[in-house]
Amino acid sequence: TLSGRIGFDLSANLSLDFFARRIDTETDLDNSGGDYGDDPNSVQSYDSLFMMGQARGLFLRNRWEQKLQVSIVDYHRTSNNPTDEVNAFFSEKSEFKSKLWKVDWQNSLFLHETNTLTFGVEHQREQGESWYRSEGMFGPYESVFPLEKAHNTGIYLQDQLRIAEQFFLTAGIRYDSHSQTESSTTYRIAPAYFIQQTNTKLKATLGTGFKAPSLYQLYAPPTYFGPIGNENLKPEKSTAWDAGIEQYFLNNTLLLGFTYFANDFEDLIDYDFTQGYINIRKATTKGAEITLIARPIPILSFLVTYTRTEAKNTETNESLLRRPKDKFTARLDWEFLERANIHISMIYVGEREDLFWQDWTPTPVTLESYALLNAAGFYDLFESLQLFLRLDNILNADYETIKGYGTAEFSVYGGVKANF
């Protein structure tokens, strides 16, 4: 991975920034875990390039901020698995290419120190194509995903209001016009009220969402086993709301919060082995979250969060796959010696329902709960040189987030970050 950023101040009120990241990866793949699962020459490689340029200007005595962002993401992935002593009669190759262009012109009007109005327009274009070929005992097989394109234009408006450091309101509306699906108008309203006498904050959110299907979900070609893409897919739509309370104690060094949330989904996109991608007409998620944040001293902080969620397909009354009912997170952040930081986190994920495909037949299974202990440390050796160390899955938990897909055991990452 190679990344860099450079900026220019053309004047006191006008600046330019450029950012680029290049990733080049090669991965050795195996057929399965355990004995006889090794594949000596199956390799997948991908490279990606992300570039973004931004112009930012302040006008009308710094009361009008304009940002113009232009970005592109170029992605290329190939795989090659020739015959070998393990797979003497089977070989396969594949290639995938995609591009994503995005332009966002955002305007912020600072109408008053208590009121900011934001509006703008965003345009996004994407394209993708792929092919897969294999040779086996039963002859050749080919699957080609021809070049497909889509674009979306969104117009948005948002107002942020603050009154007497007690009442806060964010309200916004957005219109999206998608080339492959129907257009949609969404909104979000988020009021909050702070009671100074008791250090209590009351908050709520009401909003709607829109998610267009991907090019693959729309146009992926069928296989021997059935269809995949579905050109008649509808975009996902959702209505969500939440309400909660936050209470501060001990001179704002302790925060206790409670939030109840509910989401209703319409035309949720899912995958069925016999039908390909389909829309689930109705689905819901609802639950509650409890949060505790403590900062006993400025260099030490704790965060504890517990979330209880119920997620169901309301047409069948079945649980949505891979959504845990219980999730618990704890995190410790410690800054010391003015140059060092340590972060320790514990994540617990409860049981989830899933499907296990065996002999082309789905079998309902319950994925076991798991707990992960992770840690990371940073040390500023010099002002421009930082050492870092990351430890993942310290307890060496054996777990799956998707049935049949393995996860990494205890892993160690370390390196150096230099800023010039």
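Colleague: Is Arg390 buried, exposed or partly exposed?

Modeller: Buried means under 20% relative accessible area, exposed over 50%, and partly exposed in between, with a 1.4 Å probe and protein chains only. Arg390 has 35% relative accessibility, so this residue counts as partly exposed. This is a predicted model, where local features need pLDDT of at least 70 and side-chain atom pairs count only at pLDDT 80 or more, while totals for chains, interfaces and linings use all residues. Residues are numbered from 1 along each chain as its sequence is written, and side-chain values use heavy atoms, with hydrogens and water left out.

Colleague: With which residue does Arg390 form a salt bridge?

Modeller: Side chains of opposite charge can pair when their charged atoms come close. The criterion for a salt bridge is a side-chain nitrogen of Lys or Arg within 4 Å of a carboxyl oxygen of Asp or Glu. The partner of Arg390 is Asp392, with 3.3 Å between the closest N and O atoms. The structure holds 17 salt bridges.

Colleague: Which parts does the pair of Glu122 and Arg174 tie together?

Modeller: Strands are DSSP runs of E with at least two residues, helices are runs of H or I with at least four, and both are numbered from the N terminus. The salt bridge between the side chains of Glu122 and Arg174 has an N to O distance of 3.0 Å. Glu122 belongs to strand β6 (residues 115–136) and Arg174 to strand β8 (residues 167–178), so the pair links parts that are 52 residues apart in sequence. Glu122 is buried at 14% relative accessibility, and Arg174 is partly exposed at 22%.

Colleague: What is the relative accessible area of Asp176, and with which residue does Asp176 form a salt bridge?

Modeller: Asp176 is buried, at 6% relative accessible area. Salt bridges that share partners join Lys102, Glu122, Arg174 and Asp176 into one network. Within it, Asp176 pairs with Arg174, the closest N and O atoms being 2.9 Å apart.

Colleague: How should I read contacts along the sequence?

Modeller: A contact means heavy atoms within 4.5 Å. In the protein chain, 51% of the contacts with a separation of 6 or more are between residues 24 or more positions apart.
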